Amino acid sequence: MPSQAAILDAHYMARAVELARKGLYTTHPNPRVGCIIVRDGEVVGEGWHVRAGEPHAEVHALRQAGERARGACAYVTLEPCSHHGRTPPCAEALVQAGVARVVAAMQDPNPQVAGNGLRRLQQAGIEVVSGVLEAQARALNPGFLKRMEHGLPFVRAKLAMSLDGRTAMASGESQWITGPAARSAVQRLRARSSVVLTSAASVLQDHARMTVRASELGLDAETTALALSRPPLRVLIDGRLRLPLDAPFFAAGPALVVTAAAPDPCYVAAGHELLVLPGIDGQVDLPALLGVLAERGVNEILLEAGAGLAGAFARLGLIDEFQLFVAGTFLGSQARPLLDWPLTQMSAAPRLKITEMRAVGDDWRVTAIPLPAADV
């Protein structure tokens, strides 16, 4: 049975995790972090990291606590930073504030920190505990953690389908398979992402803009304003540069166009960025693209594309999480499949672990993650 101290640590850390979630839409490329300061059983300071370049969670909490931070305990969802970036190190701020104890949910995988923050606290005579509600803390930052640990962003694929696993009629008609609640959930997935990634085929078919629409977010006014203050980068994979510059996608604002074709200065002249990444058979090198985006600080990618590009990502094992929105309808055998992924044997069929299934309006939302081959 856990001790009373362990129970209290978990209780206060849960509040810090709750605060960290407030930064869901804004902290890119930084992690989402929350912090509370507790003295004599009373919460005297709270804070969360809002956006890069602004004070970290610990600084907000310490400012609120003031002199009451001396001798107190700080609960933080990620190891306090120990290096000078755009803001001073938080570990040093905690030392200067005179806290007596620091409880961290997890160590920071950033090589610039990686235990140095906790060691600095210990060297100053501060009691340090790590690993409290670590799973919850890790779930806050899948993209940041993957980028720091593996040098790649976290790829989340959003797919909408009928009960018979179809995404569009043979003609390409697909609006709308799912209802308003599901579309609102997709808008929130876009808003939390560093990048929304799509294909020329999808944009041409649906005349899509791939923007975050405030009216469909379903958030309170304050959170909506925060979400819109940091829109995701829209990335278009257009191997042959066939999407015209007067398309609604480009009218919606600057975008990154990734191609395997020769550079066309017209895109840059129109205010967009062009990235040439040729691969096999004139296709864009998708692993190389993920590497480039990681180098640019991209944490989470929302892949919103049709069967072709989604299937290519899936075949290469580049998808970390599937977000499947399932509508209560059948589209029939002539309709388009979910993924372009020809499989001929059951032994080759990939397995997924369903981690969550819930109703969203009249539809269902299924969250699933690919299982490693050894687990199949």
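Q: Which residues form a nonpolar patch on the surface?

A: The model is predicted, and in it Ile354, Met357 and Trp364 form such a patch. Together they have about 330 Å² of accessible area. One of them, tryptophan 364, is found in strand 16 (residues 363-370).

Q: Is tryptophan 364 buried, partly exposed or exposed?

A: The general idea is to read the relative accessible area against two cut-offs: under 20% is buried, over 50% is exposed, and in between is partly exposed. Tryptophan 364 has 44% relative accessibility, so it counts as partly exposed.

Q: How many residues of strand 1 are buried?

A: In strand 1 (residues 34-39), 5 of the 6 residues are buried, which leaves the strand mostly covered.

Q: In what sense do strand 1 and strand 2 pair, and over how many bridges?

A: Strand 1 pairs with strand 2 (residues 42-48) in the antiparallel sense, over 6 bridges.

Q: In what sense does strand 1 pair with strand 3?

A: The sense is antiparallel, with 4 bridges to strand 3 (residues 73-76). Here isoleucine 37 has alanine 74 as its bridge partner.

Q: How many salt bridges does the structure hold?

A: There are 17. A salt bridge is read from a side-chain nitrogen of Lys or Arg within 4 Å of a carboxyl oxygen of Asp or Glu. Aspartate 9 and arginine 101 form one, with their closest N and O atoms 2.8 Å apart. This pair links distant parts of the chain, since aspartate 9 lies in helix 1 (residues 4-20) and arginine 101 in strand 4 (residues 101-104), 92 residues apart.

Q: Are aspartate 9 and arginine 101 buried or exposed?

A: Aspartate 9 is buried, at 7% relative accessible area. Arginine 101 also counts as buried, at 18%.

Q: What separates glutamate 18 and arginine 15 along helix 1?

A: They are 3 residues apart, which means a separation of about one helical turn. Their salt bridge has its closest N and O atoms 3.1 Å apart. Glutamate 18 is partly exposed at 43%, and arginine 15 is partly exposed at 24%.

Q: How much space lies in the largest pocket?

A: About 1,400 Å³. The pocket is lined by 50 residues, and the closest to its centre are Ser199, Ser202, Glu304, Ala305 and Gly306. Elements that give two or more residues to the lining include helix 8 (200-206) and helix 14 (307-315).

Notes:
Residues numbered from 1 in each chain as written. Predicted model: local features only at pLDDT ≥ 70, side-chain atom pairs only at ≥ 80, totals over all residues. Heavy atoms only, no water. Buried < 20%, exposed > 50% of the residue type's maximum accessible area, 1.4 Å probe, protein only. Pairing = 2+ DSSP bridges. Patch = residues over 30% accessible without salt bridge, like charges linked within 9 Å, V, L, I, M, F, W, Y side chains within 5 Å. Areas by Shrake-Rupley, 256 points an atom, 1.4 Å probe, with all protein chains shown as cover. 1 Å grid on protein atoms, 1.4 Å probe; cavity = no way out; pocket = protein on both sides within 12 Å on 5 of 7 lines; lining within 4 Å. Points joined across faces, edges and corners; volume = space filled by probe spheres on them.
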